Amino acid sequence: MVNIALLSRWHVHADDYAREIQANDNLSIKLVWDENADRGEKWAEELGVPFESDLQKVLTNPSIEGVVVTTPTNLHKEVIISAAKNKKHIFTEKILAFTVKDCEEIYNTIDQYGVKLMVSLPRLTEDYYLYAQKVIDNNWIGRLTTIRCRTAHDGAVVGPGESEGWLPKRFFEKEQSGGGALIDLGAHPIYLTNRLAGNVKKLVSHMNHTNNLGADDNAVVLVEYESGAMGILETGFLSKGSPFQLELYGTEGTILIEDNKIRQTFGNGEWSTPDNPPEALPMPMEQWASAIINGTAPSINKSDVINLTLVNEIAMKSNKEGCWINPS
């Protein structure tokens, strides 16, 4: 049993991770810390565990072996590096940090102190992604020419009689979050297309502040990959009922994924569904637990995490400067 401290309920997925820990026979929640003491005390009471207001006391507690970091994103670097230096394994919400330089500093510390770090990129474990990767690896649609991915929801839509959407205001406090829709929900299209299409050659982005909340609530990124393929990445907090979509177009076929439904055609004009798509991999929390206990290598790796931040970093620059930007 690995004893876990939960570090902050700032992120909307914090409760999800607590439930995943409770469902895992190898993990146990023992402590809660939060930069907002009132919020943390309430959470600890709900979970039936102590609240500790001093982060360093949590990180130096010898009974705590791992931490789940769902703090504001601007605290990730400081908290994660401090946790690593105290030999705590770390599970954290995307993105790891705002810059590639900061990510590299975090990984250097992780390597130095020999702890396990997992960043939650859950769609890389889904069966539809694994099938899309199999299609690419086996060249079933020929040369990939275009990839499109959309993930959006209605978190910033204000309903009748309401003053705000269901996403908390803190998500739009740019100093804490680093951005809005793109850096948060847009992470999914970014890390999926990074895996499927390869290295980014250049990109241009546009981020709208439709509701003037302080950060972008609707965003599009156009990408040219080193392979010559083009990418269209879409995200936003203003779309009610928007399905997840992943589309791959090639010289010999097309794969269309909507939510978890897959359609494909391999150049003969006939559409079909896969006979035996791969089974989904364990979710990131389960992979993290296995890495700690059994030393197994997670399917989500450093390159996935670094390249996610890389695309975000240059997309922010592109939006600010209004032009195409390359990673160098």
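User: Contact here means heavy atoms within 4.5 Å; leaving aside its neighbours within four places in sequence, which residues is Leu7 in contact with?
Analyst: This is a predicted model, in which local features need pLDDT of at least 70 and side-chain atom pairs count only at pLDDT 80 or more, while totals for chains, interfaces and linings use all residues. Residues are numbered from 1 along each chain as its sequence is written, and side-chain values use heavy atoms, with hydrogens and water left out. Once neighbours within four places in sequence are set aside, the contacts of Leu7 are Trp33, Leu55, Val58, Leu59, Val67, Val68, Val69, Thr70, Thr71 and Val79.

User: Which residues have the most contacts inside the largest nonpolar core?
Analyst: A nonpolar core is a set of buried Ala, Val, Leu, Ile, Met, Phe, Trp, Tyr and Cys residues joined through side-chain atoms within 4.5 Å, where buried means under 20% relative accessible area, exposed means over 50% and partly exposed lies in between (1.4 Å probe, protein chains only). The largest such core has 89 residues, and those with the most contacts inside it are Leu7 and Ile90.

User: How many residues make up the other core, which lies apart from that one?
Analyst: Among the members of this other core are Trp10, Ala156, Leu167 and Phe172.

User: How many of the ten residues of helix H4 (residues 76-85) are buried?
Analyst: Helices (H or I, at least four residues) and strands (E, at least two) are DSSP runs, numbered from the N terminus. In H4 the buried residues are His76, Val79, Ile80, Ile81, Ser82, Ala83 and Ala84, and they pack against strand E1 (2-7), helix H3 (55-59), strand E3 (66-69), strand E4 (89-93) and helix H5 (100-113). H4 is therefore largely enclosed by the rest of the structure, and the count of its buried residues is seven.

User: What covers the buried residues of H6?
Analyst: Helix H6 spans residues 127-137, and its buried residues are Tyr128, Tyr129, Leu130, Tyr131, Ala132, Gln133 and Val135. After H6 comes Asn139, which has a positive phi near 60 degrees. The elements covering the buried residues of H6 include helix H8 (187-197), strand E10 (245-250), strand E11 (253-258) and strand E12 (261-265).

User: With which side chain does the side chain of Tyr191 make a polar contact?
Analyst: Tyr191 is placed in helix H8, and it counts as buried because its relative accessibility is 1%. Leaving aside neighbours within four places in sequence, Tyr191 is in contact with Leu121, Pro122, Arg123, Leu124 and Leu308. A polar contact is a pair of N or O atoms within 3.5 Å, where within protein one must be able to donate a hydrogen and the other to accept it, and residues adjacent in sequence count only if both atoms are side-chain atoms. At 2.7 Å, the partner side chain of Tyr191 is that of His188.

User: How far apart in space are Val220 and Leu233, C-alpha to C-alpha?
Analyst: Val220 lies in strand E8 (residues 218-225), and with a relative accessible area of 37% it is partly exposed. Beyond its neighbours within four places in sequence, Val220 is in contact with residues including Val204, Ile232 and Leu233. Val220 and Leu233 are 13 residues apart in sequence, and their C-alpha separation in space is 5.7 Å.

User: What is the volume of the largest cavity?
Analyst: On a 1 Å grid over the protein atoms alone, a cavity is a set of points where a 1.4 Å probe fits but cannot get out, and lining residues have an atom within 4 Å of a point. Grid points are joined across faces, edges and corners, and a volume is the space filled by probe spheres set on the points. By this rule there is one cavity of 30 Å³ or more, and residues lining the largest cavity include Trp10, His11, Lys94, Ile95 and Phe237. The volume of the largest cavity is about 100 Å³.

User: What is omega for the cis peptide bond that joins Lys94 and Ile95?
Analyst: Ile95 lies in the loop between E4 and H5. The cis peptide bond joins this residue to Lys94, with an omega of about -15 degrees.

User: Is Ser8 buried or exposed?
Analyst: Ser8 lies in the loop between E1 and helix H1 (14-22), and its phi is near 90 degrees, a positive value in a residue other than glycine. With a relative accessible area of 0%, Ser8 is buried.

Terms used
Contact = heavy atoms within 4.5 Å. 1 Å grid on protein atoms, 1.4 Å probe; cavity = no way out; pocket = protein on both sides within 12 Å on 5 of 7 lines; lining within 4 Å.
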